[in-house]
Amino acid sequence: MTQPAPLLAVRDLSIDLRTGSGKRRVLSDISFDLAPREIVGLIGASGSGKTILSRALVNWIEPPLEIASGQVEYKSSNILTVAPGPMRRLRREIAYVGGDPMGALDPTLPVGHQIVEKLRAVAPEIGAAEAGKRVVDLLDAVRIPSAKNRFHEYPSQFSGGMMQRALIVDALVSNPAFLVADNITQPLDVTVAAQVLRLLRELTERFDTAVFFVSSSLPVVSDVASRILVLEEGRIVEQQETKALVAHPKHPYTYELMSQIPKLWAEGAANVPASTSKDVVISVRDVCRSYTVRKRGTFAAYNTVRAVRNVTFDVLAGENFGVVGESGCGKSSMMRLLSRLELPDSGQVLCNGEDIAQLRGKDLLKFRRNFQLVLQDPFSSLPPRTAIGAILEEPLRTHGMRDKRELRHRALTVMDEVGLPSSLYEELPIGLSAGQRQRINVAQAMVLQPKVLIMDETLSSLDQTEQFKLLKLFDKLQAQYGLTYVFISHDLAMVRRVCNRVAVMYLGEIVEIAHNERLFFDPGHPYTRTLMSAVPTLEERRYRPEDYLLEGEPPSPIDLPPGCSFAGRCPNVMDRCLTQSPHLTDRGAHDMAACFLLDPATARSKDIAERVVA
Amino acid sequence: MFVLSFLVRRLLQGALIVFLVSLLIFTLLRVVPGDPVRLMAGGMAPEALIEQIAKDMGLRDPIVVQFGRYMSGVVQGDLGQSFVRPANGASTGGANFNDSTRGERAKVLDLILETLPMTLQLAGLAIVFALAFSFLVGIPGGLAPGRWPDRLAFYISSIFVSLPNFWLGIILALLLSVKLGWLPAIGYQGFAYTILPAIVLAVELSPVLIRTLSASMAGIMMEPFVAVGKVRGLSRSRIVFGHALRNASVPLLNLLGIQFSGLLGGVLIVEFIFDYPGLGLLTINAVLQRDFPLIQGIAIVTSAIFVFINIAVDLVATMIDPRLEY
Amino acid sequence: MSVIDVVPAETAEAVRSASISRRIWRLAISSNEFRVGLAVCLVLLVAAIFYPEWSGIDPTKMSVRERLIPPLFLQQGWSWAHPLGTDQIGRDMLVRSLVGLRYSFLIGVSTVMLMLYVGCSLGMIAGYYGGKIDTVIMRITDAQLSIPMIILAIAVLGVSRPTIPAIILVLGLSSWPTYARVTRSVVMTERKREYVRAAQVMGASNLRIMIRLLAPLILPPIIFVSVLDVARMMIFESILGFIGLGVQPPTPTFGNIIADGRKYLLNAWWIATMPGIFLCVTLTSINLMGAVLERARNRIHGGVS
Amino acid sequence: MPSISRRRFLTHTAALGAGAALLNVNPDFFFSSAFAQSGKPMVFLSAENITGNWDPTSHTTLSQINVQAFVMGFLTRTPMRLDNPEETVYELATSIKLLDPNTLEIKLRDDVKFHDGKPFKAEDVKATFEYGSRKDRPAQWYPGPTETLDITTPDDHTVLVNTAKGGYPAHLFVFLASYLPMMSATDIAGGPSGPLTQRLNGTGPFKFVAQRGNDTVLEANKDYFRGEPKIPGINFTFVGDATTRMLSLLNGQASIVERLEPEQVTTLEGNKNIAINSVVSVENKYLWFRCSKPPFNDPKVRMAACHAIDLAMIREVLGSAGHESYNYVSPVKFGYTDLPNYPKYDPEACQKLLAEAGFPKGKGLPDLEYITSVGFYPKTKEYGEVITGMLQEQGFPVTLTVLEPAAWNERLYDRPGGGPGHMIDCGWSTGSPEPDLVLRTHFHSSSKRITGIEDKEIDAALDKERNAPNLEERKKILQGETMPLLAEKVPALSLFTSVMIHAMQKDLAGLFIYPDGTMDASKTTFA
């Protein structure tokens, strides 16, 4: 790299982790430069040391981590050795945005005030009024609606995406020289993440800010960065210009990473079981579910959140059924209804022809046994402070098994099946990787030998390597036990890879339900296309974000606008959409979508749609 | 708008609670053995006279009827009259007898209203002392979990919780008032007389406060926004005092609200020891004399105060932390 | 847990494959603080259990002529027969303190257990079910909190002689709401965690979830905090004694030793002070152990996950 | 100005009158000096609270009797010292003569005025006697009801009391005269709910000003017939806790405190600013048996219990607060003598009697309850524990119940079917040498307050001594027949005589303390 006068120069940086029994090196001999206005990406699997490196760049290394050697040079001084006082002044030029937007600000103070506080902490010469104005302007610039009011609102009143925008404002408000963005899109929905990325690019350009962009997803990084570093177990194994790296990865690890990226449209993207059965395992019939929430600040007024609206679909035995959608679309409510954690307000969920709402006692227990759930968060889904063996035995105990030896045997068997070493039997899940934990979750579900597994975002918190391994495990288990899977996910690529049929949900409704190929190559609903335009991929997109990714987030499910609920973000919106709600329309071969574009009556519009797509 | 609806809702609930508590106390005090009339009339009074007085006072009606009568008075601000105290407010001895010639008995509400401000002054000062001390000890403890400030906080709270308040009261009065002459101690003739009893109460209050404060401080300091705050360029003192303390004050506030009823127990003893003319002294005398209307009135008033203090606490807590909703 | 992949897999490698409680114990016992606390606790325990009988001194045996003998470490007039001196009617303070420790402990611990039981169950139910049940339970809690203990005491203890069970009942019933509140708030957050949902899907009943999943998780820290309350309850008992509603003589408890000894504070300070010292030492040693155990637990369980 | 509350300052400074000039509001709100010296009132801390009904015939409460002693006048005063228990000093009376066994002639001073200005005359004595002996008056100190009295006033300063209708001797009024406060006939005419209940109106050295919370405020009576008192007034304050009272004395806020514990005496003796005053009181403390129900309806069991109790040991516990008494009245009372047959500590006799009564070694006795209070008397709980221990040693299955004063008081008296418990602790104090105020009150079947005893022999003995024609004869019967009979039947065991211990600032001089705890402060000064 031969740019003259780098903004930031990292030289031979090594960092140790002090453990009870000694030190372990977590970063070794990291060296790279960051030029002014350059966006450099860093990619690596979880545990590779990405976050540590990104924190080292902002002098945020605290025990048990310690700097072993090397320096981070900024303006010809090593920021790792700058005293706290001067460092605080320096933070004006060095900004950081993390991957936990909801935890990054004090929940008890208004967002805007905290940004002002930060600005004035690093730049005391700015007056309060001026600082306030600057923050409001910037909030406006990141397209936070009615920024002036939002300025006085609290973090809990912001959605994740909005909060991440606010944090970008927080980082850029002091006009820093460079910004470290650590996994900032990780907790966000695809469309929101894509919006945030677009924003980041715009703003850094406007402010002439250099960015060090860290992510575990190569497609995301390649979308943003001009140059990419690949980190494996604390070492940089490769660095190249983005295009070159994507085209010709040099290091085998980079190559491996790329091979694990799920494909959307390329050959061999789907790897679905040959579903032969026509038996309906689960049948969802016109199900509705709403929640009442007390209106804040009222005495007895309630809001109705219509989380699931008139949903109907069937799941066939042995198939993989996917439900996709963004947060707040009703996926989780759907999951709770399917697993009978809740009962529908109207409509029925039938399992093998029986209404599960009617099940009681023994029948219910039998249903539970056959119908298991694997949850999203590998951390909160395991009971804390319980040994793995005990976790796996608990469901068996629940179902009345008491023989200790039998319990232990069953637990060890299932651990073996999911690829957990039996030495972990007495261990706590703490310290295990997310993938290992998710295996425990799977094992916990499998120990009851169920027929149907509902995977609620099971893989979304794992990096690609882990996802890859677990998907293989799922295939194996399915082959072995003839399982039926329901995948509830926001990850189109994953759904593309494993599901026979996919339902797309938006604001509590199914807007499209189609077979895998049809959905990806001939989606019937603009929302599906929007999703596809936002999904990070290295492939050439069939639907470009410029055409489909509009600003804005889904409206609140509390005050649903009349007409089509997607109308507000739809690129093809028509007058009719604002007044009437489209129903699911058959597109043949049991594929359906709910859009007026499919209505023969609006054939002309359909032409328009097709033209847009072309 | 939020505040208003919150207040309406909570005040209604509060009124219900006070009503239920009144009912409970009313019933409880009527199942206590020891006929209050017997107490009033003296041990030597003949049974017939006792029955007569009881009937005249309506004490032989069903409890519900009595309660209804009582509550209709309460609603109009009438908590009844003391069994034993005359209108001039003297504490009276156990050995008195009923006779038709008794002077007018004191109104329970007057007795309470006269002593309540004194107790509020004492309790307020005690809370100020306790908070100041807990902050001094608890915050460093919370900022350095497992290290010496934490241990110091821990030992201090262990010692404080083991100090019986009447022991401490006497020792402090002896030391600071009698031996050193720094502070006056017995009775009340000026604000300075509040200081010693308040210190004793503060010592009683502070162990739990120290614990809560240092635990919640330690917890808050683990929150991501604290670590991120540093990277965002905020100084440590700003993070600690501007943010961590603010967050840690919510559990502390709640605790203070709860502690209020415990405080009354302490006030009782401390006021007795220091002859401090507050509600506690009134209560202990009422208890020692089995002056049921007075006990009842005090219980209802304190429970009402408790309920409303807690509403206030919750309101303040929601103002500090808008996520809370009660 | 989102940012925490910084510090991966660091668990106690040294102590593999022993059961978790044993590991916590092993880690705790390796700390000097714990050993000191344990030693002091054991000494007190052994003394309280064996010394009164072994010494053959009856704690109620009075010897009026030998009253108000100062403890050993004071200069004049002490006697080896009464290492901690005697009280106002010539009873041996050491034996009385130790027997008092027994009774006070009985009162303190049972009271706290009662409080824990009532408070945690109600708090658990309120936090778990939420909604109307929650509102009702929490308002009951408020109501209970707002009744001063002293009123409850004269009502309940006035009914019968103030026996130890009655005192435990009064103290316990008047102090449970704090626990109910704490438990409720913890349960409310835990309840939303996914493992609770997972357990439901596995067919676990609500009761089972509360007892097997939530209780073991929530109780240890609460129990740790409740040690302070054991001491507080012992002191409260002395307040009852103060107005004649405490444990009746001649049974010694810390409460009535302190309450009776108060009058002699000026010329026989040791009577009212000894139980306080015993209380402080006991409490500190228990606390010390509790704190170390809690730290060990957190280390083994890897912090606040 | 100790014990004047701030509130009072604000509202009543003016009312304090002449004295108020010296009692200015302390400008230092934060620290009003507790050590202000000149012209300050005497601050008395009482161990017991008052009733709030100022009618002297409405109560038997000691503390209020103390207040009355400052404010009210008496016909005579009886200093009741051990060496001369029968000494009588004339106060409002100038002579009291027994004209015949049923007629008493009382001559009065002519220079006395009530605080409200009304001159003190014979009509007031007549009204007081007649009102006080009414049956509905709770403090029944008088020997018989009003209709048994025939009182005439030949002139404004002579009263003749005739008791012929009642059949009891008139000399009973001699000792009572020192104990009965003289009320104004005008007040009495106002009836039982009139001015009597509202305030005290007497002829004594101090005037009643007001009751404020726990403080009773008195000011000097300038027109006192023996001369204006030296101190401007008295604050009589109820402070329930002994330690608090002592601390208050030590830091100078209180001038004098009562009912010291013996240990406090030890502490204070070393203090150069504090003086101690001990006086053997008229009060004896008793262990009362419930004589109307088993097992103590059997005199043998009562006597056995008495033999189990070592009185010397109890006095040891009490230290300087107890004085020995081997009779049912205090040694300062008329007729006291050490009874030769008074029960002594004798375990063998105890066991023998128990066996005779059918309870060898206490076997077969029901569970016995001994009730005492945490009350304001020194050492009550302590010696209660000692007695319990001693009874248990002899095999009595006794448990001790220690109650707060109100609950104890509620259980104190006899009821139909016998009072609660089996034994109860109580003291009985009457500020007069008259022994019947104890003996007849408790042991005659017409009264039997606590014991519930009904015994014809005792009744006869009590009637006999009362009806003795003169004091000499009466003393002989008391000492020779009545008291020995009581010691034989032991309806109660008198444990000891209380010693009233007061502690005061050394500079407080000229205060006389009577054996019932009342005080004469008319000559008191702050040195």
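Two residues are in contact here if their C-beta atoms, placed from the backbone, lie within 7 Å. This is a predicted model, where local features need pLDDT of at least 70, side-chain atom pairs count only at pLDDT 80 or more, and totals for chains, interfaces and linings use all residues. Residues are numbered from 1 along each chain as its sequence is written, while chains are lettered from A and ligands numbered from 1 in the order in which they are written.

User: What share of the contacts in chain D with a separation of 6 or more comes from residues 24 or more positions apart?
Analyst: Chain D has 16 helices and 21 strands, taken as DSSP runs numbered from the N terminus (helices: H or I, at least four residues; strands: E, at least two). For contacts in chain D with a separation of 6 or more, the share from residues 24 or more positions apart is 69%.

User: How does the radius of gyration of chain D sit with the globule rule for 527 residues, and what is its value?
Analyst: The radius is taken over C-alpha atoms, and the rule is 2.2 Å times the number of residues to the power 0.38. For 527 residues the rule gives 24 Å and chain D comes out close to that, so it is as compact as a globular protein of that length, with a radius of gyration of 24 Å.

User: Which element gives the most to the side of chain D that touches chain C?
Analyst: On this interface, 22 residues of chain D are in contact with 20 residues of chain C. Elements giving two or more residues to chain D's side include helix H7 (242-250), helix H8 (262-269) and strand S15 (398-403) of chain D. The top contributor, with 6 residues, is H12(D).

User: Is A:Tyr506 buried or exposed?
Analyst: A:Tyr506 lies in strand S19 (residues 501-506) of chain A. Leaving out residues up to four places away in sequence, A:Tyr506 touches A:Cys329 and A:Tyr527, among others. The cut-offs are 20 or more other C-beta atoms within 10 Å for buried, 12 or fewer for exposed, and partly exposed in between, with C-beta atoms placed from the backbone. Because A:Tyr506 has 25 C-beta neighbours inside 10 Å, it counts as buried.
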